[in-house]
Amino acid sequence: MQRSEPRIMVFMPSWEEFKDFSGYIEYMESKGAHKAGLAKIIPPREWVPRKAGYKLDEMNMTIPSAIEQQVTGMQGLYQQFNIQKRPMSVKQFYEMAMSERYMTPKYFDYADLERKYWKNITYVSAIYGADVAGSLTDPDVKEWNINSLGTILDYVNKDYGISIAGVNTAYLYFGMWKTSFAWHTEDMDLYSINYLHFGAPKTWYAIPPKYGRRLEKLANTNFVESYKACPAFLRHKMTLISPQILRQNNIPYNKITQEPGEIMVTFPFGYHAGFNHGFNCAESTNFASPRWVEYGKRASQCHCNSDMVKISMQTFVRRFQPERYENWLRGMDIGCHPEEPDKICAAPPPPPCISGYSQLDVAAVTEEPESFAEPTASEKPVEVAETTPEAETESEDESEEGKRERELKRCWNNLDKPRGKTVNLLPSGVQENTKKMRFHTKLIILE
């Protein structure tokens, strides 16, 4: 890779500098840190996020839905499928991670371990304790508290009483050797922060945002069926592409190792991926700054799966781009994506207001487990029956019933819901899925 390409920067703030989270992010960007899509922060010694330390026997925490990561593919191009496992305690997960089947192999250095990762990626599916709602940071920590960063993303909660697990609240990730996070940008192309509390290191790959479209084109041409099904399929977080493939296709990237006690920050439209070296625990969430607003307005959306995070940009455009607000509402906000200065087009306007209902509607749509899922149209058997007058009448009745069902769903989705809460519409005995790694849904319309 040419030296002129953006490199991942490492920052070591003083205690005074560290106290102002948003101010320090702005300082990092003034130095060009965002151009690499990823940056590392080594916190000052004064910062102690958890005074009690990390004793697993005293960590009374359950991983409700660990996932088994099954990887298929070859020659540097892979897809990852997540299979939900039974709940387990952190201590049980640790014992599994340290067992002969899952433990980290012997290695000479990080480069050697990286080679072993890509060589064995399809063998022995690792178990990831991902998307555990909660925080290991002491509540009284004021500086860089991942569960309370105090950025403009908090307007979602402050103005509307809406909490999005893992987006504006913290998630914990318990990893083991070879557990992976596939190539993706954050939901709505937000920033993210990741603090490695304890355990084995984590390898990160990052692509400078200005080359993000190159990665998308590479993925689209190599996973054609996925692209046909969903043009934004990288948001499914299933695609693994090796560094060798990136080099062969002239896509610049950077690589860095996160050690325990270090913080990683990803920037808007910064594609990243990586893997864990062994048993560890990280805490993560999303955040935003005024610079993000234009990215959020133009972020790609997955429409094939309702189980995705969508946040209407209306409250942010009104606050931070008031001079463009009216044109944006009319679909006439002409400009460019920040990483595509030569492509001029209108930013997508907000969804139309549903007449007769409050413009503040929150719908939580949940994904049913496979055993309860309804088959898609393509999966349902086609039955051909003799047409009779009675059958035609029955068909018309079913059509009317379908219309009534759609109308009922539309009315239900627009009823006033308790703020900050979700409504579980699933049958009794079926738990709602809020796993971010499994594309948990929070459809949010803030108009």
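Contact here means heavy atoms within 4.5 Å. Helices (H or I, at least four residues) and strands (E, at least two) are DSSP runs, numbered from the N terminus. The model is a predicted one, in which local features need pLDDT of at least 70 and side-chain atom pairs count only at pLDDT 80 or more, while totals for chains, interfaces and linings use all residues. Residues are numbered from 1 along each chain as its sequence is written, and side-chain values use heavy atoms, with hydrogens and water left out.

Helix H2 spans residues 21–30, and its buried residues are Phe21, Tyr24, Ile25, Met28 and Glu29; buried means under 20% relative accessible area, exposed over 50% and partly exposed in between (1.4 Å probe, protein chains only). Viewed down the axis of H2, these buried residues fall within an arc of 145°, so they line one face of the helix; the arc is that of the directions from the helix axis to the C-beta atoms. Glu26 and Ser30 are exposed and sit on the face turned away from the buried side of H2.

The cover over the buried residues of H2 includes helix H1 (15–18) and the strands E1 (9–11), E2 (38–41), E10 (191–199), E14 (263–266) and E16 (280–287). Just after H2, Gly32 adopts a positive phi of about 90°.

Of the covering strands, E10 has 8 of its 9 residues buried. Strands pair if DSSP finds at least two bridges between them. E10 runs antiparallel to E16, joined by 8 bridges, and antiparallel to E14, joined by 4 bridges. Ser192 has Asn286 as its bridge partner in E16 and Thr266 as its bridge partner in E14.
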